[in-house]
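Good morning. Please look at the model on the screen while I talk.

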Amino acid sequence: MLENSLPDCLLCQGSAVAISDTLTGRQIRALWNACNNEIREEAYGLLTPLAEVHLFHCLACGFRFFDPKFVGTAEFYQELMKRKSYPAMSSEFKSAIEFCLKNNLRTLMDVGGGEGAFLDMAREAGFETTGVELNREAAAVAAGKGHRMFTKPLEEIGLDEIGGAVDFLSLFQVIEHVTDPVGFMKTAASLVRPDGYLCVAVPSVRRMIGLLHHDPADWPPHHMSRWRIVDLQRLGDACGLKLVASRADQLTGSAIPWAWDLRRKLRAGLGLATSLAWDPLIKLGSDAYRYFGLKYMGPCHGLSLHAVFLKPDNTDA
């Protein structure tokens, strides 16, 4: 690939980028197969078996991202959801509800929330709930439970349709899928009242202490970017939002052998050497990690990063 054909950074729009890693479309297919997800060829779109998928690294801001042309198609997500289900509970759900209660918020919109698990929790806690979900089947399930649902892109939703700007808008595991995170975040902020809040959760670039670097879910056509806390800070700055809280998930001891086992499957899918010799040490280490409560002492390198942004009352977004 010629240097002048490299895409600009999806976060800061800088043109100085480098390639950090590369997989072929064939390798990405092999990784999905190793995870027991055999996806129909048509669903991969422009990601042909011979295509080279580069993980880019912005030399200006450090953001990691992929070529937008490989973004997932509707067919890809329909195929993927045949074998996966929307989470009924996630670490960000509880903390978001607690934040809303603490700040006396009333109206809440969840974007990309599937069948409405988070909206169920929010309504039970006393909030007025609205959801946006492009998967019509999932949206119908959420609507059947009494939530007001929209099945069109966020930019097509007007304030009059939702009865005015909401107090709180959540984007849980959404931003990493889009090719224009800044534009998408600005659109989301336009639906939030001044002095309201937006909450974001994204996979951490350092999740599971790096064991899942080749997880196909972190590569196109599924994910378009990889995030750090500093990237979320820059995202807020670019949108005129103030970062008021951020954290990373704790790495739990039980997750370490799970991630190690998945890593072994992924390496096998790529035809790389795997060994069982380290398994006893991994188990011993995870047991010690839990026994001594090390998750409370060391850095957090669990699955996700969380951030809450305030939309100041002078924001034009």
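Start with helix α7, which lies across β8, β10 and β11 (304-310) and runs at about 25° to β11. Contact here means heavy atoms within 4.5 Å. Axes are lines fitted to C-alpha atoms, for helices over the stretch in contact, and angles run from 0 to 180 degrees between N-to-C directions. Helices (H or I, at least four residues) and strands (E, at least two) are DSSP runs, numbered from the N terminus.

Before going on, note that this is a predicted model, where local features need pLDDT of at least 70, side-chain atom pairs count only at pLDDT 80 or more, and totals for chains, interfaces and linings use all residues. Residues are numbered from 1 along each chain as its sequence is written, and side-chain values use heavy atoms, with hydrogens and water left out.

Within α7 (residues 229-238) sits L232. Is L232 buried or exposed? Its relative accessibility is 0%, so L232 counts as buried; buried means under 20% relative accessible area, exposed over 50%, and partly exposed in between, with a 1.4 Å probe and protein chains only. Leaving out residues up to four places away in sequence, L232 touches V200, V202, W227, L305, A307 and F309.

Now the sheet. It is open, has 7 strands with mixed pairing, and its order is β6-β5-β4-β7-β8-β11-β10. At the edges are β6 (148-150) and β10 (242-248), each of which pairs on one side only. Two strands pair if DSSP finds at least two bridges between them. On average, neighbouring strands of this sheet are turned by 15° against each other, direction ignored. Strands of a sheet pair through backbone hydrogen bonds, either parallel or antiparallel. For one example, β7 (residues 166-172) and β8 (residues 192-203) run parallel and are joined by 6 bridges. In that pair, V166 stands opposite V192 in β8.

Next is helix α3 (residues 91-102). With 12 residues, α3 reaches 18 Å from its first C-alpha to its last, close to the 16 Å expected at 1.5 Å a residue. The expected span is 1.5 Å times one less than the number of residues. Which residues of α3 are buried? They are E92, F93, A96, I97, F99 and C100. Seen down the axis of α3, these fall within an arc of 160°, so they line one face of the helix. The arc is that of the directions from the helix axis to the C-beta atoms. The buried residues of α3 pack against β4 (107-111), α4 (117-124), β7, β8 and β11. On the face turned away from the buried side, K94 and K102 are exposed. After α3 comes N104, with a positive phi near 55°.

Helix α9 (residues 279-291) can be read the same way. Its buried residues are I282, S286 and Y289. Down the axis of α9 they fall within an arc of 60°, so they too line one face. An α-helix has 3.6 residues a turn, so residues three or four places apart point the same way. The buried residues of α9 pack against α8 (255-269), while P280, L281, K283, L284 and Y291 are exposed on the face turned away. G293 follows α9, and its phi is positive, near 60°.

Last, a loop residue. N37 is found between α1 (25-34) and β2 (52-58). N37 is buried, with a relative accessible area of 5%.
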